[in-house]
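User: I'd like to learn how to read a few features off a model. Could you walk me through them, general idea before the case at hand?

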Amino acid sequence: MAKARRRFVYRKKSQNRFSMALAITVMVVILGAVSVRGFQLQKKLEGYEARKEELQQQIAEEEQRTKDIEEYSKYTKTDEYVEEVARDKLGLVKKGEIIFKNTGK
């Protein structure tokens with residue numbers, strides 16, 4: 001009876017060692033998978049942050065462009081703009097003005 005008990009205890013220790021080794025192996029594999037996935041997610045996050053900064057810069061540029069367009073729109077409604085266009089595009093002059101043209105020679 002003592003021999004049977006020893007065999008049973010030996011078998012139990014052997015099974016415990018195998019179970020522990022298996023559990024440790026599974027935990028190491030899971031830890032490795034989690035680490036790799038975490039690294040991939042960190043890289044994605046860095047990419048998203050860079051894209052976010054780029055988009056914020058584009059937004060700022062577009063807001064400045066909108067402001068410039070609004071200012072130009074206001075300028076086109078002034079008498080100064082009308083006079084400038086009349087002089088440059090239509091060749092009109094005020095009374096008493098003399099135009100000198102460069103003939104290029």
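Analyst: Let's start with exposure. Buried means under 20% relative accessible area, exposed means over 50%, and partly exposed is in between, with a 1.4 Å probe and protein chains only. Two ground rules as well. This is a predicted model, where local features need pLDDT of at least 70 and side-chain atom pairs count only at pLDDT 80 or more, while totals for chains, interfaces and linings use all residues. Residues are numbered from 1 along each chain as its sequence is written, and side-chain values use heavy atoms, with hydrogens and water left out.

User: Okay, so is glutamate 83 buried, exposed or partly exposed, and why?

Analyst: Glutamate 83 counts as partly exposed, because its relative accessibility is 35%.

User: How many helices and strands does the chain have?

Analyst: Helices (H or I, at least four residues) and strands (E, at least two) are DSSP runs, numbered from the N terminus. This chain has two helices and zero strands.

User: Next, salt bridges. Which partners does glutamate 83 meet?

Analyst: The rule first: a side-chain nitrogen of Lys or Arg has to lie within 4 Å of a carboxyl oxygen of Asp or Glu. The whole structure has five salt bridges. Glutamate 83 meets arginine 87 at 3.3 Å, N to O. Both sit in helix α2 (residues 79-88), four residues apart, about one turn of the helix. Glutamate 83 also pairs with lysine 94, at 3.5 Å, N to O. That pair links distant parts of the chain, since glutamate 83 is in helix α2 and lysine 94 is in the segment after α2, 11 residues away.

User: Last topic, aromatic rings. How many pairs are there?

Analyst: A pair of aromatic rings is described by the distance of the centres and the angle of the planes. Rings of Phe, Tyr and Trp (its six-membered ring) pair if their centres lie within 6.5 Å; planes under 30 degrees apart are stacked, over 60 edge-to-face, and the rest tilted. That rule gives three aromatic pairs. One of them is tyrosine 72 with tyrosine 81, edge-to-face at 6.2 Å centre to centre and 80 degrees between the planes.

User: Why is the pair of tyrosine 75 and tyrosine 81 called edge-to-face?

Analyst: Because the planes of tyrosine 75 and tyrosine 81 stand at 70 degrees, with the ring centres 5.4 Å apart. Tyr72, Tyr75 and Tyr81 form one aromatic cluster. Tyrosine 72 is partly exposed at 47%, tyrosine 75 at 24% and tyrosine 81 at 22%.
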